[in-house]
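Subject: Structure handover

Hello,

Here is the structure for you to take over. My notes on what turned up in it follow below.

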Amino acid sequence: MKQSGYGFLLLLALILPPVSNLLESIMITHMHMQMPMLVFAGVLMAKFFQKRFPQFFEKWNENGLPGILLFTIIMVYWSLPRTMDEALTLTSVEAFKFFSLPFLAGVPLRDSWPKLSSSWKHALIIFFTVLFLGMGWLYIWSPVQLCNNYLVIEQITLGWGFITTAFAMVVYLVYSYFMDFSKYE
C-alpha cells in the first residue's frame with residue numbers, strides 16, 4: 001500500500017499549480033513528461049483499487065483487453081494537438097487530463113499488462129510506435145502551427161521527441177525478438 005500512497009502523492013504534486021504551470025510551459029515537457037508521469041501515478045495507485053475492488057477487475061478486465069483498449073483510447077486522445085491546447089485554455093479539459101491519465105489510463109494499464117500475452121504486448125508497442133512516428137511526422141512537417149499556445153519551434157521539438165520515442169520502441173522490439181525472456185522469469 002506504500003506504493004499507492006506514493007502514486008497519490010505524485011498525482012498531488014503534479015496537480016500543484018507551480019508544478020503544473022512549469023511542465024505545461026514547454027510543449028515537449030507537457031506531452032513527454034507531465035502526461036507520462038500522470039499515467040505512472042495511476043500505475044502506482046492501481047494496487048489500491050485492485051485490492052479494494054477485486055471482483056470489478058476480475059469481471060470487467062478478465063483477459064486484459066478491455067483495460068488496454070481504454071488505455072489506448074485515452075492515450076490517443078491526449079496525443080492530439082487540439083487536446084493539448086484545450087488543456088491549457090479550458091479548466092474542465094485540464095481537470096479531465098488530471099483524472100483520465102491516472103485513473104482511465106494508468107490503472108487499467110497496470111491491471112491489464114500482466115494478463116496480456118506477449119503477442120498482444122508486442123502488438124500494442126507496434127501500434128504506439130506507428131502512432132508516434134505519425135505524430136512526429138505531423139508535428140515536424142506540418143506547414144501550420146498546430147497548437148496556439150506553443151511556438152512552432154516547440155512543435156518541431158515535440159515531433160522529434162515522438163520520433164525518438166518511436167525509435168526506442170523499435171530498438172526494444174528488435175531486442176525482444178532475439179531475447180528469450182523466459183530465462184529471466
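Rings of Phe, Tyr and Trp, the last by its six-membered ring, are taken as a pair if their centres lie within 6.5 Å. On that basis Phe71, Phe127, Phe128, Phe132, Tyr139 and Phe162 form one aromatic cluster. Please keep in mind throughout that this is a predicted model.

Aromatic pairs

Searching the whole structure gives 15 aromatic pairs. One of them joins tyrosine 77 and tryptophan 78: the ring centres are 5.1 Å apart and the planes stand at 80°, so this pair is edge-to-face. Tryptophan 78 is buried, at 1% relative accessibility, whereas tyrosine 77 is partly exposed, with a relative accessible area of 30%. Tyrosine 77 also pairs with phenylalanine 96, again edge-to-face, at 6.1 Å centre to centre and 80° between the planes. Because tyrosine 77 lies in helix 5 (residues 65–79) and phenylalanine 96 in helix 7, this second pair ties together parts that are 19 residues apart in sequence. Phenylalanine 96 is itself partly exposed, its relative accessible area being 32%.

The charged end of lysine 97 sits over the ring of phenylalanine 98, at 5.1 Å from the ring centre.

Helix 7

Helix 7 covers residues 91–112, which is 22 residues. From first C-alpha to last, helix 7 reaches 30 Å, close to the 32 Å expected at 1.5 Å a residue. Where does helix 7 have a kink? The kink is at serine 100, shortly before proline 102, and amounts to about 40°.

Serine 112 also belongs to helix 7. This serine 112 counts as buried, with 0% relative accessibility. Its C-alpha is separated by 4.0 Å from that of glycine 64, although serine 112 and glycine 64 are 48 residues apart along the chain.

The nonpolar core

The largest nonpolar core has 38 residues. Which of its residues touch the most other members? They are Val39, Phe71, Met84, Leu101, Phe128 and Tyr139. Two or more residues come from each of helix 1 (2–15), helix 3 (27–52), helix 5, helix 6 (81–89), helix 7, helix 8 (118–141) and helix 9 (152–178). Helix 3 gives the most to this core, with eight residues. Phe71, Phe128 and Tyr139 are named here and are also among the members of the aromatic cluster.

Proline 36 is in helix 3 and is partly exposed, with a relative accessible area of 38%. Proline 36 and alanine 105 are 69 residues apart in sequence, and their C-alpha atoms are 9.9 Å apart in space. Arginine 52 lies in helix 3 as well. Is arginine 52 buried or exposed? With a relative accessible area of 58%, arginine 52 is exposed.

Lysine 121 is 53 residues from isoleucine 68 along the chain, and the two C-alpha atoms are separated by 9.6 Å.

What the record says

An unreviewed UniProt entry lists residues 61–80, 122–140 and 160–178 under "transmembrane region". In the model, residues 122–140 are 100% helix and 0% strand, with the end C-alpha atoms 27 Å apart. Residues 160–178 are likewise 100% helix and 0% strand, and the end C-alpha atoms of that span lie 27 Å apart.

Regards

Key:
Residues numbered from 1 in each chain as written. Predicted model: local features only at pLDDT ≥ 70, side-chain atom pairs only at ≥ 80, totals over all residues. Heavy atoms only, no water. Helix = DSSP H or I, 4+ residues; strand = E, 2+ residues; numbered from the N terminus. Expected span 1.5 Å × (residues − 1). Bend = angle between axes of the 7 residues up to and from the residue. Phe/Tyr/Trp six-rings, centres within 6.5 Å; stacked < 30°, edge-to-face > 60°. Buried < 20%, exposed > 50% of the residue type's maximum accessible area, 1.4 Å probe, protein only. Lys NZ or Arg CZ within 6 Å of the ring centre and 35° of its normal. UniProt positions renumbered as here; feature names shortened; annotations may be inferred. Core = buried A, V, L, I, M, F, W, Y, C linked by side-chain atoms within 4.5 Å.
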